Amino acid sequence: YEVGRVYQAGSGLMAGDFYDLVRLSPSRLAAVIGDVSGHGIEPAITAFQAKYLLRVFLRQYRDPAQALEELNAQMSAVGRPEEFISLCVVVFDTAAGTLRHASAGHPAAWLWHGREVRPLRATGPVLMMDPTAEYTSRERSLDSGDLCLLYTDGLAEARSGDQLFGEDRVASQLRRDPGVTPDVLCKSLLAA
């Protein structure tokens with residue numbers, strides 16, 4: 001795998017955006033991105049808790065949807081009522097040649113595969129709204145050269161005056177040069 005990543009805080013406040021890469025086995029790697037509602041120390045603490053609990057559940061359950069269900073139940077029991085988390089998990093499996101994803105109300109990730117850009121949409125509601133919520137996983141084949149782009153709403157909701165950058169422009173950047181390295185893609189998205 002090649003991985004590119006960037007974390008750029010908006011307006012200098014502590015926030016609940018987070019990402020993680022976790023090797024689950026010699027052939028399985030999980031990429032996680034999430035966003036806790038609000039700003040300040042409380043969402044940052046919730047993000048820290050969710051990130052590390054999810055690591056445990058991704059090792060315990062092979063299916064990322066099961067890991068999300070367990071994370072939702074645990075975080076709902078201890079979270080504040082005004083808090084919620086959007087989160088996307090993608091598990092890459094080189095032995096099987098697949099990716100399996102589950103998403104709790106997070107903005108669509110984008111997959112470059114078969115010369116097309118396809119959305120990986122939410123497969124369940126945001127976390128901490130309903131402790132009994134159900135999540136599903138979707139599996140897709142992977143080929144050498146495929147690219148998966150995960151991001152938080154800070155990218156799609158970036159503004160130029162009254163105009164939002166938007167999810168379609170995120171996908172368009174990926175379509176423009178799908179063979180670009182992940183680091184260069186991250187820089188071009190920020191520049192755009």
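Colleague: Before we look at the helices, what makes a crossing left-handed or right-handed?
Modeller: A crossing is left-handed if the near helix is turned anticlockwise from the far one by less than a right angle, and right-handed if the turn is clockwise. Please keep in mind that what we have here is a predicted model.

Colleague: Okay, so which hand does the crossing of H1 and H2 have?
Modeller: Helix H1 passes helix H2 in a right-handed crossing. The axes of H1, residues 41–60, and H2, residues 64–78, come within 9 Å and cross at roughly 135°. Because of that angle, H1 counts as oblique to H2.

Colleague: And which residues make that contact?
Modeller: On the H1 side they are Thr46, Gln49, Ala50, Leu53, Leu54, Phe57 and Leu58, while H2 brings Pro64, Ala67, Glu70, Leu71, Gln74 and Met75. Sorted by class, the contact of H1 with H2 has 9 nonpolar, 3 polar and 1 charged residues.

Colleague: Switching topic, how many aromatic pairs turn up in the whole structure?
Modeller: A search of the whole structure finds 1 aromatic pair. The ring centres of phenylalanine 48 and tyrosine 52 lie 4.9 Å apart with their planes at 55°, so the pair is described as tilted.

Colleague: Where do phenylalanine 48 and tyrosine 52 sit relative to each other in the helix?
Modeller: Both belong to helix H1, and because they are 4 residues apart there, about one helical turn separates phenylalanine 48 from tyrosine 52.

Colleague: Is phenylalanine 48 buried or exposed?
Modeller: Phenylalanine 48 has 53% relative accessibility, so it counts as exposed, whereas tyrosine 52, at 36%, counts as partly exposed.

Colleague: Now alanine 133, where is that one?
Modeller: Alanine 133 lies in the loop between strand S6 (116–120) and strand S7 (138–141). With a relative accessible area of 9%, alanine 133 is buried, because the cut-off for that is under 20%.

Colleague: What does alanine 133 touch?
Modeller: Leaving aside residues up to four places away in sequence, alanine 133 touches Glu69, Asn72 and Pro125. From alanine 133 to asparagine 72 there are 61 residues in sequence, yet C-alpha to C-alpha the two are 7.7 Å apart in space.

Colleague: Last one, at what angle do H4 and H5 pack?
Modeller: Helix H4 (residues 167–176) and helix H5 (residues 182–191) pack at an angle of about 135°, and their axes are 10 Å apart. That angle makes H4 oblique to H5, and the crossing of H4 and H5 is right-handed. Here Val170, Gln173 and Leu174 of H4 meet Leu185, Ser188 and Leu189 of H5, a contact that divides into 4 nonpolar, 2 polar and no charged residues.

Conventions: Residues numbered from 1 in each chain as written. Predicted model: local features only at pLDDT ≥ 70, side-chain atom pairs only at ≥ 80, totals over all residues. Heavy atoms only, no water. Axes fitted to C-alpha atoms, helices over the stretch in contact; angles between N-to-C directions. Helix = DSSP H or I, 4+ residues; strand = E, 2+ residues; numbered from the N terminus. Parallel < 35°, antiparallel > 145°, perpendicular 65-115°, else oblique. Contact = heavy atoms within 4.5 Å. Nonpolar A, V, L, I, M, F, W, Y, C, P; charged D, E, K, R; others polar. Phe/Tyr/Trp six-rings, centres within 6.5 Å; stacked < 30°, edge-to-face > 60°. Buried < 20%, exposed > 50% of the residue type's maximum accessible area, 1.4 Å probe, protein only.
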